[in-house]
Amino acid sequence: MFNSISMQEFEQKWKREKLPLVDVREIDEWQSGHLDGAIHIPLNDLSDAKEKLNKGQEYYVMCYSGARSAMACQQLAREGYKVTNVMGGISAWRGETV
């Protein structure tokens, strides 16, 4: 099981505190804009790169629309990671940070 958060809730939390964010979009999507401080791990690389993450920390996971991040959250949660899917993804982000 994993949690989900709306973009509006995420934006409010992001402005108040430093949140550990994992961006699972592909490299070209990442290069076209991402949130400062995000960890880039494309979904296709997640199995091999998840050791970059600490199981003792909660992570927010984002993609373009929320579908790939939900898949990433499923995979990570099965393996004991604490994750929250950011629904709507970067497409719902309001542009001022991207």
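**About the model.** Local features need pLDDT of at least 70 and side-chain atom pairs count only at pLDDT 80 or more, while totals for chains, interfaces and linings use all residues of this predicted model. Residues are numbered from 1 along each chain as its sequence is written, and side-chain values use heavy atoms, with hydrogens and water left out.

**View 1. R25 pairs with D23.** Welcome to one of three salt bridges in the structure (a side-chain nitrogen of Lys or Arg within 4 Å of a carboxyl oxygen of Asp or Glu). The closest N and O atoms of R25 and D23 are 2.8 Å apart. Both R25 and D23 are buried (under 20% relative accessible area, with exposed over 50% and partly exposed in between; 1.4 Å probe, protein chains only).

**View 2. R68 reaches E29 from another helix.** Here the closest N and O atoms lie 2.9 Å apart. R68 belongs to helix α4 (residues 67–78) and E29 to helix α2 (residues 27–31), so the pair links distant parts of the chain, 39 residues apart (helices, H or I, of at least four residues, and strands, E, of at least two, are DSSP runs numbered from the N terminus). R68 is partly exposed at 22% relative accessible area, whereas E29 counts as buried at 18%.

**View 3. K50 and E79 join two loops.** In this salt bridge, the closest N and O atoms are 3.1 Å apart. K50 sits in the loop between α3 (46–49) and β4 (58–62), and E79 in the loop between α4 and β5 (82–86), 29 residues apart. K50 is buried at 17% relative accessibility; E79, at 30%, is partly exposed.
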